[in-house]
Every structure is written in structure tokens, then in C-alpha cells.
Amino acid sequence: VKAAAKPRKTSAASSKKSAQNLLILESPSKAKTVQKYLGSSFNVVSCRGHIRDLPASELGVDVENEFTPKYVVSRKEGKTAILKDLKEAVKNSRAVYLATDPDREGEAIAWHLADLLGLDKTQPIRVTFNEITKGAVKDAIKNPRKINENLVNIIELMDGEQVTAIIPINEFVEGEYLTMVTKLGVIKRTLLSEFEYQRKSG
């Protein structure tokens, strides 16, 4: 009797190509559990946390272009390969939902994923659940929402000291400084206090 052929190994993101919907979580273990809850109509995969961030070796913003952040895909933990798999999975899916963790950091990861995967951030593609139970997961899928960009702007971190070291605060009028802070997605009360101090002291 001829031995049965061993199944060919495939990545999580490239498997279940006939799935109608794609759900992306952060944790691989959670993805496996959620896959059991949702069955064959969903392909549940993991992005393993952050895919991209500001570069660690430089300021990370384009000073000449209204301080636009310069994000880079992380080279750690095989993130380039993970992103490639995710893009392939998106191509083979009718609908894509981002179920990264239900906190500010998770919201930022969802925003970056949507950007990298070419998803429409104005559409309800974000789902969240606070517990990994069948009921909670299915209820979340039924109630998707848009990505909350207010949360994303709060979590996009940049050390204010780096900014002021290159561009002294007292070179800006108040409106310009606050605009710069907004574009960087930075909320720094300490820097605002320093600005007020310099303005009052002349």
C-alpha cells in the first residue's frame, strides 16, 4: 500500500485561500482559538504585534515636509515576511477585519496595518473584543467600526526632547508649534508648559 503523501506546509496567512473573510489579530495563539470559533468562513491570522514604527536611528520625521512621520517596516521577528503573507491573504479575501488588541496601541497597529495593506480606513474594518469567547468574538464581528484616529494620534510616540533639540521651541509662534505637535501625533504637556514658560519669560 502506497504511503499517503505528507501535507505540504503553508503559512498561516496563505492558508484557507478560499475563505471569504480575513481577520487579523496580534497574537498567534489567540488567532488559533478564534479560528475555531469562526469556522471555515474566516481565515484568522496574526500580525505578531507592530509591523512598522518610526526609525530608531534617526528623528523619524520629514522636517522639510510639515514634519510628516517616516515609518519603516520593522526588520525584527520576520515582520517583512509576515507583511508579505498578509498582503497575499488580503488578495484572497472578500472582506478584511482588524482585531488587534482593544487598547490605544492596538488601535495604532490596526491603523498601520490598514495603511500597509491598502484598506479603506473610512470603512468599518475594526473589531474589538475584551475576552476570547465564542460569544464575544461573534458579537464583535457583527459590530465592526471605523478605526479611531484620535486614539492613533495619542499613541504615535515621539520624544519631545528630540524635537526641541533640533528646532528650539521659541522659534515658533504658538499656533505653529501646536500644529507641529498635532502633525507628529504627540501630546506632551511638559513641552507645552516649557513653551508657555519661554513665551512669558521673553
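Visitor: Which exposed residues does the face of α4 turned away from its buried side carry?
Guide: In this predicted model, α4 spans residues 134-142. Exposed here means over 50% relative accessible area. On the face turned away from the buried side of α4, the residues that qualify are Gly 135 and Lys 142.

Visitor: Why do the buried residues of α4 line one face of the helix?
Guide: The buried residues of α4 are Ala 136, Val 137, Ala 140 and Ile 141. Looking down the helix axis, these buried residues line one face because they fall within an arc of 135°.

Visitor: Which elements do the buried residues of α4 pack against?
Guide: Contact is counted for heavy atoms within 4.5 Å. The partners of the buried residues of α4 are β1 (21-25), α1 (28-38) and β2 (42-46).

Visitor: Which element gives the most to the largest nonpolar core?
Guide: The largest nonpolar core has 23 residues, and those touching the most other members include Ile 24, Leu 86 and Leu 98. Two or more residues come from each of β1, α2 (79-91), β7 (95-98) and α3 (104-116). With six residues, the one that gives the most is α3.

Visitor: How many residues are in the second, separate core?
Guide: Among its members are Leu 23, Val 127, Phe 129 and Ile 141. Ile 141 is also one of the buried residues of α4. The size of this second core is 16 residues.

Visitor: What is the bridge partner of Asn 21 in β7?
Guide: β1 and β7 run parallel and are joined by four bridges. From β7, Ala 95 and Tyr 97 point one way and Val 96 and Leu 98 the other, all of them buried. The partner of Asn 21 in β7 is Ala 95.

Key: Residues are numbered from 1 along each chain as its sequence is written. This is a predicted model: local features need pLDDT of at least 70, side-chain atom pairs count only at pLDDT 80 or more; totals for chains, interfaces and linings use all residues. Side-chain values use heavy atoms; hydrogens and water are left out. Buried means under 20% relative accessible area, exposed over 50%, partly exposed in between (1.4 Å probe, protein chains only). The arc is that of the directions from the helix axis to the C-beta atoms. A nonpolar core is a set of buried Ala, Val, Leu, Ile, Met, Phe, Trp, Tyr and Cys residues joined through side-chain atoms within 4.5 Å. Two strands pair if DSSP finds at least two bridges between them.
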